[in-house]
Amino acid sequence: MYNVRKGKIHLPVNRWTRRQAILCGTCLIVSSVKESQTGKMHVLPLIGGKVEEVKKHQHCLAFSSSGPQSQTYYICFDNFTEYLRWLRQASKVASQRISSVDLSCCSLEHLPANLFYSQDLTHLNLKQNFLRLNPSPSTSRVLSELQRFTKLKSLNLSNNNLGEFPLAVCSIPTLTELNVSCNALRNVPAVVGDMHNLQTFLLDGNFLRSLPDELEHMNQLSYVSLSFNEFTDIPGVLEKLTAMDKLCMSGNCLDALNLQVLRRMPHIKHVDLRLNAIRRLVADEVDFLHHVTQLDLRDNKLGELDATVFNNIEVLHCERNQLVTLKISGYFLKALYASSNELVHLDVYPVPNYLAYMDISRNHLENLPEWVCDSRKMEVLDVGHNQIRELPARLFYNSSLRKLLAGHNMLGRLPDRLERMQVEVLDVQHNQLLELPSNLLLKADSLRFLNASANKLEMLPPATLSEETHSILQELYLTNNNLTDKCVPLLTGHPHLKILHMAYNHLQSFPASKMAKLEELEEIDISGNKLKAIPTTIMNCRRMHTVIAHSNCIEVFPEVMQLSEIKCVDLSCNELSEITLPENLPPKLQELDLTGNPRLAWDHKTLELLNNIRCFKIDQPSAGDASGAPAVWSHGYTEASGVKNKLCVAALSANNFCDNREALYGVFDGDRNVEVPYLLQCTMSDILAEELQKTKNEEEYMINTFIVMQRKLGTAGQKLGGSAVLCHIKHDPMDPGGCFTLTSANVGKCQTILCRNGKPLPLSRCYVMSCEEELKRIKQHKAIITEDGKVNGVTDSTRILGYTFLHPSVVPRPHVQSITLTPQDEFFILGSKGLWDSLSMDEAVEAIRNVPDALAAAKKLCTLAQSYGCNDSISAVVVQLNVTEDSFCCCELNGVPPPSPGIFPQSVNVVIKDRPTDALGMPSSSSGMASEISSEISTSEMSSEVGSTASDEPPQVAMNENSPAYPGEQRCMLHPVCLSNSFQRQLSSATFSSAFSDNGLDSDDEEPIEGVFTNGSRVEVEVDIHCSRAKEKQLLQVPVEASDEGIVISANEDEPGLPRKAEYSATGTIGRRRGNGSVAPQETSHNLIEVATDAPLRKTGGYFAAPAQPDPDDQFIIPPELEEEVKEIMKQHQEQQQQQQQKQYQMDHLADYYDTPL
């Protein structure tokens, strides 16, 4: 019910009334009876009409029909959401032509009645609905009524899962185009031959195995699409459809191509047999097939191909087969696509004088065929990813050659003397070049793009021999070479240079005079060198929008903020100490990364100014020195926008996930959309935490996480999607000191690799069309794979989050793999699609293996990918591992286990770093992640000798000379055997709430409480769980000392100045929260650790059950006004307690072991 008014709004006779209004199909239906759904209904056709906003009334729309007798209805909606929904739907209907109706994706189960108000329709689109041939109830409009449209020319019934062919459409004489794809059809009735005017017949994505002979009566039929059915050979009836010129049978079940059948079809010029299972061509003494000009055999199983029988072939596609040899007729050949095979021999005869494009990349060619140099019209030649050692000089003399891609080969040199080279794009990256030809840049007057990255270049050739230059070079990529400062002056010979990448060379300076001459420079990347400054003359580059100079030794902030066009500045991992900013930031500045500059000091004014930037990253402030022992894992991450400045990737990092012994990392890639990666980043960690409460099985909780995430994407996941990879590190919950397990789960093209012993170990899998089982599954669901290898033209991944409208062809089920971490595991990398498309796994591991900092490693991967040609958004997360022997269980191994850390020496010192930890998705100071959220320091970050996930290195352990070796079974360091005369210690923590204190001190005059650690949100109490012989009468004390390095714990040391007591209990204190948020100072009456009444049971390996942590809600809060009174009560309680303990310790029968629970 809405407020409705008919006619002109300014006339007083027309009043607002509550009426039922419905937008049905292409019409607006309004009830004639006030506040009733019965009676006569007014129908207003909207096709060709208008839908306008009425500004005088809130949430009001005006609906007008077309024609000379048009009518207008005004409807006021109750809320903005309803108003906006009506505006969108009605505007779509009004924009249609009168003779065309689009009801696709409307969830229709039957045809709406108002569809038949106008029977003059010529185009009707009903695809992607739920129409059935015989719907119920019987009053519903069935498909048989479609014959009422006597003027219909185009009908689309695809994706309705009809099951049977709709016979009613055969009675529409005017029909010229019929689409019944993806309807689970198993046969085509013979009556289709009555549609004599039909020109286009689409039958893709069904279960057809044959066609009726009556199709030969359809004389005007010029296009029949039979892709993704179940044909085992070419239907014979197609021989009589002489109007056809293209055979579309991709995605069927052909295992051989019978050339005799093609010979009987002289009208066929284009043959499309992609994604079949063709292994051979059956010739049987067939003459030349002169009529076939285009042949597509992509994604089959051909081992060799002799296509010389197609003597007039113009375009040949044979990518992603298993071809070793290929023979083609070159008389009229214009384009050859043969990448991703195993070619060692390529023969084209005669020389193809019309060949303009040839892609033979990703094969096993060692030499370039000689006939290539004689092809006079060659414009684009891609020979990348082969084993070619030399390029002939004649190739560069080809006056028509414009683009030469020869990267990822084994080239040791290029031809020395080059003349008249017309190449515009030259890519020779990833070769073994020591130098470029001396006259390369002198003679290449047309060269605009040069990529010589990942070689061994030490010098550049000159661009001119005088002050005048003719160079038009615009993009120069020289990353990952051995270039020195001598190369910089030669860059001035390229005054039109716009993009310059010289990262990871040996540059120590960039002269200001040389930078001043590069006035047209727009993007520069000089990361990974030894530069101490960026010249101030960079201000001359007025068009500069990107400056990337991370991983250098820069001490002075450059003058980049004076550039009006600057958008991105990356100065991370340098030695900046201060930053100078203008009063007003550049208007287009979007990204500023200053992480990894530990000496950089900040003031409130500068931070407030920079916080207005869309992406501003600085180090998280550190509370302590960061030079201590490394944690078990540490991470760094980076992100980079694509060419259109859209950041379509996101990263997730949680060093302390769920509890302090777990971690979670993730990378999300939305390809071209921003919404899905952001939703995944914000939601996925919470879902995983919930699933961990339900099950501990790695595969089960990872799969459930992705499935729940699919549901939570909601409307965003209906038409958008994204790749994702998650890595979860955890330990055995039944064994808190046990091994660490890394579980990786991924969908799409985001992947994880683990570096073990310097070699990459893949933990992910890309589910694409090249996977045999995925292709089989896609065919079973009758999805259409377009020529670019995408499901329904949307995505090339068959397992991905989102794209729910492609279900069940595209599903969110991830690939899950779990692995136990060992001391041989150095790091693992999570990367988005752009990273792995540009870098191989071996190259990525080799590139960062010797980079000590995780942030710098991630930055390097991103820079290398961009220099190697990646134009997409990139995200990389590097997690460095330090899994020591005491964190790796070798009980099941046959090797000799290392000495057990359970046998402690008389003195053990553990230095515990007081460092901040990472919040969910935010960076630490060492990893370069932004510091907007600060998480709590967890228990294991403070201390644990038993395999803590975020603990420092375990202490050095020495065997007592007098203690005999244990002669029993061999045990690992995580599960040692408890010796009878040894003291074993396991730290535990009781957590109490503390919202204000940072280090256990409320003011300078208060000392830290012994055994208490706090970090602003928790107060953590150290508790010793030890075993001791009854005859040993000594008190074990663990004093705590505050130091610059953190907190030093001394175990089994006698503290001087303190008398030794003859009790068998461990003493400690618990910090009490005052009403003002402070921590109560140490008092003798605060001892709450009492002796257990019963002797605890010992677990396997000599460990005791840790005491349960108290509920933070049950903590003891001391109001300030009652503080003195409480202290007196506590003193009296302690005196009574000490008297009881002395009586108890004088008993003759004492237990062998004692526990000290809270």
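Reader: Which strand order does the open sheet of three strands have?
Author: Bear in mind that this is a predicted model. The pairing in this open sheet is antiparallel, and its three strands run in the order β3-β4-β5.

Reader: Okay, so which strands stand at the edges there?
Author: Look for strands that have a single partner, because one side of such a strand is left without a neighbour in the sheet. From one strand to the next, the twist averages 20 degrees. The two edge strands are β3 (21-24) and β5 (41-45).

Reader: How many bridges join β4 to β5?
Author: β4 covers residues 27-31 and runs antiparallel to β5. Ile29 stands opposite Val43 in β5. The number of bridges joining β4 to β5 is five.

Reader: And what lies across β3 and β4, and at about what angle to β3?
Author: That's a helix, α1, made of residues 80-94. Helix α1 lies across both strands, and its angle to β3 is about 45 degrees.

Reader: Let's jump to Asn229: buried or exposed?
Author: Asn229 sits in the loop between β14 (223-225) and β15 (246-248). Leaving out residues up to four places away in sequence, Asn229 touches several others, including Phe207, Leu208 and Lys782. The cut-off for buried is under 20% relative accessible area. Asn229 has 2%, so the word for it is buried.

Note on methods:
Residues are numbered from 1 along each chain as its sequence is written. This is a predicted model: local features need pLDDT of at least 70, side-chain atom pairs count only at pLDDT 80 or more; totals for chains, interfaces and linings use all residues. Side-chain values use heavy atoms; hydrogens and water are left out. Two strands pair if DSSP finds at least two bridges between them. Helices (H or I, at least four residues) and strands (E, at least two) are DSSP runs, numbered from the N terminus. Axes are lines fitted to C-alpha atoms, for helices over the stretch in contact, and angles run from 0 to 180 degrees between N-to-C directions. Contact means heavy atoms within 4.5 Å. Buried means under 20% relative accessible area, exposed over 50%, partly exposed in between (1.4 Å probe, protein chains only).
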